[in-house]
Structures are given as C-alpha cells and as structure tokens.
Amino acid sequence: MARLDTSNHQSGSVTGLSVQAGTVHGGIHFNSGAVEHPPIPRQVPPSSSNFTGRAHELSELDQLLDRGGSFVALLCGPGGMGKSALARRWANDRQARFPDGQLYVGLRGFSPDQPLDPGVALAAFLRALGVPPDRIPLDLAEQVALYRTVTASRSLLVLLDDAFSAGQVRPLLPASSSAVVLVTSRRRLTGLIPDGARLLDVGPLPARQAVELLGRAAGSERIVGESEPAEELAGLCGGLPIALLVVAGRLASRPKLTVRRMVAELADRARRLGGLSLEDGESIKTVFDYSYQALTPEASVLYRRLALHPGTEFGMDLITAVTGPDQDRGTGAGVVVDELVNASLLEEVSEDRFRYHDLIELHARELAEQHDTPEARQATVRTMLEFYLAAARRADLVVTPYRRRLPYVYARTLDGPPEFADRAAALGWLERERSNLMEAGRAAFRLGHHELAWQLSDVMWPLLLYVKNYRDRLEIDERGVEAARAWGNVWAEADMLKRLSRACSRVGDQEAAERHGRAAVDRYRQAGDVQGVIDAEEGLATLYADTGREELAVEAYARVLSERRTLPDVRSVGLSCLNLAMLQTRTGRPTDALPLLVEARTIFAELTEVDPYNTARVLVGLADAHLGAGDLDAAEKSAAAAVLRLVELGADNERAEAVCLLGRVAQRRGDVGAARRHFREAVDVFTALASPRLPDVLRRLDELAGVGEQ
C-alpha cells in the first residue's frame, strides 16, 4: 500500500527516458537504439556556373573574415544586381572555415509573397541545428533565446537572402563569437549597424566583366565572334547581371539570332525593358516592380518624377524644387530621398548628388507614363528646367553682373535654387552642372518652350567666358538663335547672333562668322538698340583683325570707340580701348597702344569687383605692349601679375596667353630653359581647350628645338 506522504519531483534538464519510483525491487533495464546526431547543416544553395567577376567584393568579405571574430555583412543594391549570387559564391568557397555548418533562408523581402516571418525561419534553423520539433517554443522571444543558446559556441555561417527589414533579420543573428552572417537586401538596412553590420554596395559589372558574363551564359565563341556588338549589348544592359543573363538566355535559345540583332532590338529605350524578359522567367520590370511597391506614397511619386530629369545626375537642390510646396507636411525631401537610396532605387554618387541606374530610370519613366497625366509630367519637367535657369541666373549675376539680360516670368515660385557666396562658388556650380544645363536647353527647345530655351542658352555665358569650350559654345549659341526666332524676339536673336559670330570665328569658320555678325547688326537696328549695334560692329572689327584685315579692323575699332564715348557705359569704353590697343600692338604699334591700355587700366581699376576678368586682360595687353616696346621688365611684371589673377579666376585660356608672354620674355633674354617651360605649359592648356592658338605656340617651341643644347 502506497504511503500517502510520498511525493515525486524532478529538477534540472533531462534528455531521454525518465523513471520516477518510490521503491525499486530488482534491476532496471533500458533498451534503446543508438543516439542519432543531426548532420552538419550545409544549406547554402550551390553557386552559379555563370558567376563572373566581383573580385573586389569577394576580397572585402575575405578581409572581414581574416580579422577573426563574428561579423554581419550586408550586401545591398538594386534588384537583379547579383547580390545573392555573390553571397552564395563566397559562402560556398569558404565552407571549410565554418565547421559547424551553414544556414540559409530566403526571406522573400521583395517577391509576390509576404516577407517571411522570422519565427518561421528560426524554427527551421533550430531544427537544422538538432533541436527536436517538440522542443521549439511557439513564442518568438523564447525561440530567439533558444537559438542564441544553441549557436553560442558554434562556428557558423548564416546567409539571410533578400531581407526586407532590420527587424526581420535581427532575431536570426546567432550569439557565437565566431559566426558570420551574410545579408542581401535591396534596402540599406542601416538599422543593423548597431548590431555591427558592415554595408557593402554591390553595383553593376564593369564592361569587360559584363561581356565575360554574356560569353559564359550564351557561349564564348558566339560573343567573341561579335565582340563590338557584344560590348554594345552589355552597355544596353547597364552591367546588370540579371539583364545580361536574360539576353544571354535569348541568344542561347535562338542559335541563329545575332548579337547585333539583339542590340538593334534593345536600342529603343521605350521598348528596352519589355525586351529584357523571358517567356518562362521573371522580367526585369517585375524585379523593379517589387521594390517600387514597397515604397511609401511620397517616395513613389518622387521616384517617378525624378526619372523625367533631362540629365544623368542631379543634386539635392533640384530634388527640393521638384518636391515643392505640395510635399506632405512633416515629410521633407531629404527623408523621401533617403527612402529611395535605402531601397537601392536611387544611387548617391557624391554628397547630395544622385542618379538612377539606366534600367531603373526606364522603369521609373514607364511608371510615370502609366500613373501621371501628361500635364503633370510636363509640369514636373518645366519645374526642372526653370530650376536650372533660376540657379544659373543667380550664378550669372555673381560672375558677370554687368551683362544686359531679358526678364523671365517663372511658372511658379521655386524652392531649392542655391545662393552663391562668391565668383568661385558660382563658376564651380556652373561647371558642375554644365551637362545638365546643356540637356535642359535641349529639352526646353524640343518641348517648344522657346523663351526658356533662349534663356538657358543666354545664362551659360559666364561659363563660356571663363572656360573656352568651343564645341559646347557653338551648340548653345546656335540653339539660342533658333529659339529666339521661334520665340519671335528680335533683340534676343541679335544678341545670340553676335555670340554665334564670335564662336564661329574662334573655330575657323570665318564666312559664317561674318554672316552672323552682319545679321546681328541688322537685328539690333530692327530692335532700335544703339548700344547693341555698336557691340555687334565691334564684333565685326574683331573678325577683321582675326582674318588679316588689320587696317579695316583698326578703322572699325576707332569708330566704335568714338561712338562708345557718347554713351554712359564706361565699361564698354574700357573694352574698346583694350581691343584697339591689342590690335595696335599686334600690328607693330605698341607705343600707340600703351596710352589706350593705361586708360583701360584706369577704367577697370574701378571695376575690379564687378569685372575682374577684363581687369586681368588689361594686364595681358600691357605685357604684350611693353614687350613690343622692348621694356622686358615691365612686360614680365604685367604678365606675372596677370597669371596670378587668371589662376584665381579659373580662366585657363587667358592664363595660357599670359604664360606664353612670359615665355617670349624669357626667349628675348636668352633663357631658353624658362622659355620652353612656359611654352609647354601654354601648349598643355591650348591642347585641352582645342584652341586655335595652339599652332603658334607649337611653332615657337619648334624654334627653340636644339637651341642651347650641347
């Protein structure tokens, strides 16, 4: 009979069978099979035989591994960039470094399904690590605690593929001091940085590796046989591995299809995304759609709007103008941009400057056409174009405040155009945005905004003045003339014809230069602008000087100077003095030139802050005149002072002219070594600028060849 005061209890952890008894008579025997140990998990999928390149990224991961200890590496980039392939290749190649196994889970961050619940992933990991299913808790916090206990002393690699958020990843981080976690995501999961995560950006494949990937997937002989079209095809795919594999798959499935034919099919930007899809596979568009669908409404709108930008990259100031006053309160442009960058849909190329991958831009443009009305898209583009005009005009007013301009009425008040503290900042912005300003002018003209197109041509004058890029200048001035005619503004046409005349002269097309110059005089007369007529006539005088008609040029300059003195614009008088004096020096009359140069120096001494460029040009003119008069010391002093000022202004062409004068002074003194150094410096500048002055300086260098050498 059992004693009523007897009780049983069990403490501690028990694994296997447990027997509890009050009194045992005889022996107890347990019969059980051998204890089974779970296999070491090797869950990472095999890497693709098409895997190509990524030496830099693989090396970065190796460096982290070689430091010892645990780490979390986050491979981030747009969909289709090959993040998963990179992670799998590295994990499989480093399998021996993780004796306790490798765990893998696809987290479905960007797929048709809902992102995977971390509890589901944890349960799978625990089972793989040998925890019996009936011992896995249902509560997530308890699962995490058990997972950390089980992994605490194991050397593991955990690959978390296609993560959606830091919250999805964090419960899956093991507790071991020798565990490595690879996370791939289209988002920059900065929430993992406190957990020690290192962000590694995975970008497009370089051109050579992109072509190599095509060869691996489609057949190397086929690609080598059409090497040039293959390079074009790789470029059309933007170095995006998934796009390269799609076109390679099409080539492989159609042995008679040429690479050149594929290039022709994808050349049309409007049809490119549609061409990058397989009948039985996921299209590029679908890959990008998953990322887009995860955006907030504000980010979705900005994603579509920015794709309409006419240039390849843009600044935060442009984005601020595009978001405008209709941006939701409390959600600034910077917050929305961060979301796009973190989603790998927008790339930050430098501080506060961004761009799209080519194919992502096409995707965003397609969405804009689907979701936004034509009127809304046109308004967005107009805002972008007017932003560039507003910002460039502010720069223009800082650099060349003395210029005559036409007014412009903006469609709406703009947020974002920068202010410039000084001339260097203004010129720096103009140079940085040169390509965007060019594209903005083209877009404005193409869209029929002729007044805006003319303004965008006009406002680039400061950059053309200081940075002598004649190829750009011809395009800008020609478009300005066409825009003015389409706009119907005679004065605007005259002003741009005057500029175009000078540009044609500088590139050697003297016939066109004279035709445009005379047309400018005629249009100014039609507009009733006396000063404009004189300006255009002075341009013709310069053309006469450039084409060897010196006497005609001297007469024209003298007449212009006389007419200038009747007008209140003293700066123009100084310019005419300078132009006439420089021609007199060139024609062997430096003593006649010096009084005019002294007058010009006096005028520009009062305008140093307003027009430092021509103040420095006067010094160049004085140096040339002093050299012609035989006063080498005065010539050297003026030329050296001009070089210093022109360096500060960033006016390379004029600096080279002053340096060339220093070379001539050195040559006259017999200092051949110094002369060569100065001429070579001038040659470098004139070569870079494709200047018509280059042959003359090269001739001077040739004259010194062998002089002074033993």
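Reply: Helices (H or I, at least four residues) and strands (E, at least two) are DSSP runs, numbered from the N terminus. This is a predicted model, in which local features need pLDDT of at least 70 and side-chain atom pairs count only at pLDDT 80 or more, while totals for chains, interfaces and linings use all residues. Residues are numbered from 1 along each chain as its sequence is written, and side-chain values use heavy atoms, with hydrogens and water left out.

Me: Which residues of H19 and H22 meet?

Reply: From H19 come Arg434, Met438, Gly441, Arg442 and Phe445, and from H22 come Asp472, Glu475, Ile476, Arg479, Glu482 and Ala483. By class, this contact of H19 with H22 has four nonpolar, one polar and six charged residues. Here Ala, Val, Leu, Ile, Met, Phe, Trp, Tyr, Cys and Pro count as nonpolar, Asp, Glu, Lys and Arg as charged, and the others, Gly among them, as polar.

Me: At what angle do H19 and H22 pack?

Reply: Axes are lines fitted to C-alpha atoms, for helices over the stretch in contact, and angles run from 0 to 180 degrees between N-to-C directions. Helix H19 (residues 434-446) packs on helix H22 (residues 470-487) at about 25°, with the axes 11 Å apart. That makes H19 roughly parallel to H22. The cut-offs are these: angles under 35 degrees count as roughly parallel, over 145 as roughly antiparallel, 65 to 115 as roughly perpendicular and the rest as oblique.

Me: Is the crossing of H19 and H22 left-handed or right-handed?

Reply: A crossing is left-handed if the near helix is turned anticlockwise from the far one by less than a right angle, and right-handed if clockwise. For H19 and H22 the crossing is left-handed.

Me: How do H27 and H28 pack?

Reply: Helix H27 (residues 570-586) and helix H28 (residues 590-605) have an angle of about 155° between them and axes 8 Å apart. These two are therefore roughly antiparallel to each other, and the crossing of H27 and H28 is left-handed. The residues of the contact of H27 with H28 divide into 14 nonpolar, three polar and three charged.

Me: And what is the angle between H12 and H16?

Reply: Helix H12 (residues 284-293) and helix H16 (residues 358-371) pack at about 70°, their axes 10 Å apart. That makes H12 roughly perpendicular to H16. On the H12 side the contact is made by Lys285, Phe288, Asp289 and Tyr292, and on the H16 side by Leu359, Ile360, His363, Glu366, Leu367, Gln370 and His371. Sorted by class, the contact of H12 with H16 has five nonpolar, three polar and three charged residues.

Me: Which residues touch the most other members in the largest nonpolar core?

Reply: A nonpolar core is a set of buried Ala, Val, Leu, Ile, Met, Phe, Trp, Tyr and Cys residues joined through side-chain atoms within 4.5 Å. In the largest, of 184 residues, Trp90, Tyr303 and Leu306 touch the most other members. Helix H17 (residues 374-399) gives the most to this core, with 11 residues. Apart from it lies another core, of 33 residues, among them Leu74, Val131, Tyr147 and Val150.

Me: Is Thr383 buried or exposed?

Reply: Thr383, placed in helix H17, is buried, with a relative accessible area of 9%. Leaving aside neighbours within four places in sequence, Thr383 is in contact with Ala321, Val322, Arg412 and Leu414.

Me: Last, the backbone. What is phi of Ala690?

Reply: Most residues other than glycine have a negative phi. Ala690 has a positive value, near 50°, and lies in the loop between helix H32 (672-689) and helix H33 (694-704). Ala690 is exposed, at 58% relative accessible area. Asp162 also has a positive phi, of about 60°, although it is not a glycine, and its place is in strand E3 (residues 157-163).

Methods: Contact = heavy atoms within 4.5 Å. Buried < 20%, exposed > 50% of the residue type's maximum accessible area, 1.4 Å probe, protein only.
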